[in-house]
Structure formats: structure tokens, C-alpha cells
Amino acid sequence: MPQSKIVEILSADELRRTINRLASQIVEASDDLANVVLLGVYTRGVPLSVAIAKQIHTLEGVLVPTGALDITFYRDDLDRIGLRTPSKTELPFDLNGKTVVLVDDVIYSGRTIGAALSAIHDYGRPKVVRLLVLVDRGHRELPIHPDYVGRTLPTSKDEQVKVFLSSAGDARDGVELFKPIN
């Protein structure tokens with residue numbers, strides 16, 4: 001593995017404040033939180049959606065349901081990224097007529113979200129689907145744009161963004177950029 005320079009993008013405190021801001025934006029944009037569900041994309045989108053739901057509960061006293069979406073069999077780039085062991089999609093609610101906030105940690109090409117949209121439509125017909133990402137690093141290959149963004153981070157294609165969430169089993173919370181050293 002080539003050597004990398006590591007740049008901290010969000011500290012644990014900055015990540016917490018970003019989650020608080022994203023939760024506030026969902027509250028402000030929602031006419032009725034009773035019709036909102038958060039759907040996290042495996043892997044880091046799932047604990048991120050739970051953290052956002054907890055913050056919405058703190059702000060508004062409303063328990064916004066969360067679910068988990070596995071998109072493995074919907075991807076069009078498995079030949080490039082390699083086979084993965086699928087996780088279990090968990091939808092403890094009906095998607096029909098709901099405002100679904102699709103949650104992912106990092107958006108890059110848009111292919112993950114394209115696959116997630118295909119998967120969602122196999123489970124129901126939401127009223128609307130909104131996209132929340134913690135980090136938007138650019139380089140889109142599909143015409144997909146997030147509605148809620150924690151941090152916009154212009155990157156080069158050879159750089160990598162990693163999100164660390166203690167709720168996902170990581171040793172800490174934070175976001176880092178890995179820049180290859182030439």
C-alpha cells in the first residue's frame with residue numbers, strides 16, 4: 001500500500017456538530033416529521049442515520065424511524081470494486097408515501113446512490129427521496145446531487161476519504177483525507 005499523508009477533515013467535536021446541523025436541516029425542511037424515515041446505506045450510513053435520528057429526537061422529541069439498506073446486488077460496478085458479502089436490508093416501516101432521507105457517509109461517483117435508488121423502488125413508492133451525505137468529495141459519474149451535505153471536500157481521484165464512527169466499531173469518531181505521497 002502506498003504511503004499517504006493524513007489530513008484531519010472533521011474532529012470528533014466537529015463531526016458531532018455536523019450531525020447536529022444535518023438533523024436541524026431535516027427538521028426545518030420537513031412539514032411533518034411523522035412521515036420522515038431515515039434509511040442508511042451500509043456500512044457507515046447506517047450508524048450515521050441512527051445518530052441523526054437521535055439528534056432529531058433531542059431537538060423535537062420525535063422518534064424518526066431508521067432502517068438499513070444493502071445495495072450489493074444493485075451495483076453496476078461489482079467487477080471493479082470486487083465481490084462483497086451482502087448485509088441484511090432492514091426496513092421496519094413502510095416506504096409508501098413517506099419522505100425517505102437516504103443517508104450515506106461519502107458521495108463520490110454517485111453509483112452507490114444510484115444503486116440505492118433502484119433498491120428503494122423495489123421496496124415501495126416513497127412520496128419523495130432526499131439524500132444526506134456527510135462528505136461530498138465530487139467526481140460524479142451520475143447526475144446525483146445531495147440535498148443535505150455535512151462537508152463539501154474537493155478531492156483528487158487518487159485521494160481517499162475515510163469516516164470513523166465509534167458506533168460502527170471504529171476506535172474513534174472523525175473524518176480524514178488520505179493523500180498519496182509521491
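Predicted model: local features only at pLDDT ≥ 70, side-chain atom pairs only at ≥ 80, totals over all residues.
A pocket here is found on a 1 Å grid over the protein atoms alone, as an open set of points where a 1.4 Å probe fits, with protein on both sides within 12 Å along at least five of seven lines, and its lining residues have an atom within 4 Å of a point.

Residues are numbered from 1 along each chain as its sequence is written, and side-chain values use heavy atoms, with hydrogens and water left out.

Returning to the pocket, 15 residues line it, and those nearest its centre are Ile-19, Pro-47, Ala-51, Ser-167 and Asp-173. The elements giving two or more residues to this lining are H1 and H2, and H2 supplies the largest share, six residues. Helices (H or I, at least four residues) and strands (E, at least two) are DSSP runs, numbered from the N terminus.

Let us look at those two helices in turn. H1 has 18 residues and reaches 26 Å from its first C-alpha to its last, close to the 26 Å expected at 1.5 Å a residue, where the expected span is 1.5 Å times one less than the number of residues. Its buried residues are Leu-15, Thr-18, Ile-19, Leu-22, Ala-23, Ile-26 and Val-27; buried means under 20% relative accessible area, exposed means over 50%, and partly exposed lies in between, with a 1.4 Å probe and protein chains only.

H2 has 16 residues and reaches 22 Å between its first and last C-alpha atoms, close to the 22 Å expected. Among its buried residues are Pro-47, Ile-52 and Ile-56, and what covers the buried residues of H2 includes H1, E2, E3, E4 and E5. In the loop between E2 and H2 we find Thr-43, which is joined to Tyr-42 by a cis peptide bond with omega of about 10°. After H2 comes Gly-61, whose phi is positive, near 75°.

Which residues touch the most other members of the largest nonpolar core? In this core of 29 residues they are Ile-26, Ile-52 and Leu-134, a nonpolar core being a set of buried Ala, Val, Leu, Ile, Met, Phe, Trp, Tyr and Cys residues joined through side-chain atoms within 4.5 Å. Two or more residues each come from strand E1 (4-10), helix H1 (12-29), E2, helix H2 (45-60), E4, E5, strand E7 (160-164) and strand E8 (174-180), with H1 giving the largest share, six residues. Not counting residues up to four places away in sequence, Ile-26 touches Val-36, Leu-38, Ile-52, Ile-56, Val-101, Leu-132 and Tyr-148. There is also a second, separate core of 18 residues, which includes Ile-71, Leu-95, Ile-107 and Ala-115.

Ala-115 is one of the buried residues of H4, along with Ile-113, Ala-116, Ala-119 and Ile-120. On the buried side, the residues of H4 pack against strand E2 (36-41), strand E3 (66-69), strand E4 (99-107) and strand E5 (128-136), where contact means heavy atoms within 4.5 Å.

I will finish with the loop between E5 and strand E6 (148-152), where His-139 is found. His-139 has a positive phi of about 70° although it is not a glycine, and at 27% relative accessibility it counts as partly exposed. Leu-142 lies in the loop between E5 and E6 and counts as partly exposed at 27% relative accessibility. Leaving aside neighbours within four places in sequence, Leu-142 is in contact with Ser-109, Gly-110, Arg-111 and Gly-114.
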